[in-house]
Amino acid sequence: MVDTLRVGIVQMSSQDDVAKNLARAVELVARAAGEGAKVVVLPENFAFMGTEEGKRGIAEKLDGGGPIVTALAEAATRSGVHVVAGGMPERSGDADRPFNTCAVVAPDGSIAGRYRKVHLFDVEVGDGQKYRESASTSPGTEPVVLPIGGFKVGLSVCYDIRFPELYRKLADLGAELIVVPAAFTLATGKDHWHVLLRARAIESQAYVAAAGQWGVHPHDRRTYGKSLVADPWGDVIVQCTDGEGIAVATVDRRRLDSVRANLPSLRHRRL
């Protein structure tokens with residue numbers, strides 16, 4: 001059994017130029033791999049942070065060989081890593097409402113798994129912006145846990161973090177590491193980002209790796225950044241500074257087993 005896994009998180013400031021965003025993503029994946037990462041997590045909307053119409057226009061099938069999937073395969077094979085590709089628009093049965101999909105690409109360039117974002121962001125956060133993700137996105141329905149690098153990895157996306165029942169289900173499915181690609185708003189991030197991520201790590205007794213967008217995007221959309229990895233005790237063990245960049249942390253099974261053995265809350269559940 002594998003005892004450790006090096007996990008990289010990528011923080012981006014994606015704009016509405018798909019080619020430039022993808023080139024930057026490939027570069028940052030390679031940087032994380034250069035620091036020993038075997039799994040690299042990209043943020044939500046890594047390929048495109050523009051209008052909903054634009055998002056529909058770039059939606060792809062994961063097996064269709066489009067530019068986004070091609071770039072992800074290049075990043076994974078060139079660096080020899082699993083790439084967890086944040087939220088990207090995947091074509092659905094409704095041409096106007098693609099899925100917001102977290103795709104996992106294996107080191108050989110194949111699609112190892114996918115999770116379609118379940119909880120869609122329909123809110124007014126007090127920064128002058130209104131978000132109606134459900135108007136342009138089809139929701140997923142199923143939680144996903146899959147093996148990556150010898151660990152069981154649960155997939156989620158951004159707004160999902162506010163719904164602990166999803167993470168309880170991921171824990172029930174055996175998740176030891178949970179990824180949270182995100183484009184968390186500045187207004188909510190400054191108050192809730194760290195609290196929510198640490199809470200999900202503590203209650204799931206799992207590592208949480210959250211890769212976020214940072215900065216100013218088209219139409220004055222602002223995101224919080226502070227991409228981080230938290231351990232099963234809720235300690236933040238690595239965090240990105242402001243701006244684009246990467247951070248790499250070690251997921252350690254001995255730490256995971258120790259927390260679960262000494263404070264066996266997952267076994268003590270009554271409801």
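Keep in mind that this is a predicted model. Begin by selecting strand β4, residues 99-105: seven of its seven residues are buried, so the strand is largely enclosed by the rest of the structure. Now show the side chains. In a regular strand they alternate between the two faces of the sheet. On one side of β4 you'll find Phe 99, Thr 101, Ala 103 and Val 105, on the other Asn 100, Cys 102 and Val 104, and both faces are covered.

Strand β3 runs antiparallel to β4, and six bridges join the two. To find your place in that pairing, pick Val 84, whose bridge partner in β4 is Val 104. Then bring in strand β5, residues 111-116, which is also antiparallel to β4 and is joined to it by five bridges. The hairpin has five residues between its strands, and Gly 109 takes a positive phi near 90 degrees.

Slide over to β3, residues 82-90, and select His 82. Is His 82 buried or exposed? With a relative accessibility of 16%, below the 20% cut-off, His 82 counts as buried. Look for its contacts beyond the neighbours within four places in sequence: they include Lys 38, Val 39, Val 104, Pro 107 and Ile 148.

Zoom out to the whole sheet. What is the order of its six strands? Reading across, you get β5-β4-β3-β2-β1-β16, an open sheet with mixed pairing. β5 and β16 (245-252) are at the edges with a single partner strand each, so one side of each has no neighbour in the sheet. Ignoring direction, neighbouring strands are turned by 25 degrees against each other on average.

Helix α3, residues 67-79, touches β2, β3, β4 and β5, and its direction makes about 175 degrees with that of β3. For helix α6, residues 253-262, look across β1 and β16; α6 runs at about 60 degrees to β16.

Another helix stop: select α4 (residues 164-172) and α5 (residues 186-204). Their axes come within 10 Å and cross at roughly 35 degrees, and the crossing is right-handed. Pro 164, Tyr 167, Arg 168 and Ala 171 of α4 meet Arg 200, Glu 203 and Ser 204 of α5. By class, this contact has three nonpolar, one polar and three charged residues.

Last stop: the nonpolar cores. The largest holds 48 residues, and those with the most contacts inside it are Ile 9, Val 84, Leu 155, Trp 193 and Leu 197. You've already clicked on Val 84, the bridge partner of Val 104. Then colour the second, separate core, which has 32 residues, including Val 10, Ala 25, Ile 58 and Ala 75.

Note on methods:
Residues numbered from 1 in each chain as written. Predicted model: local features only at pLDDT ≥ 70, side-chain atom pairs only at ≥ 80, totals over all residues. Heavy atoms only, no water. Helix = DSSP H or I, 4+ residues; strand = E, 2+ residues; numbered from the N terminus. Buried < 20%, exposed > 50% of the residue type's maximum accessible area, 1.4 Å probe, protein only. Contact = heavy atoms within 4.5 Å. Axes fitted to C-alpha atoms, helices over the stretch in contact; angles between N-to-C directions. Left-handed = near helix turned anticlockwise from the far one by under 90°. Nonpolar A, V, L, I, M, F, W, Y, C, P; charged D, E, K, R; others polar. Pairing = 2+ DSSP bridges. Core = buried A, V, L, I, M, F, W, Y, C linked by side-chain atoms within 4.5 Å.
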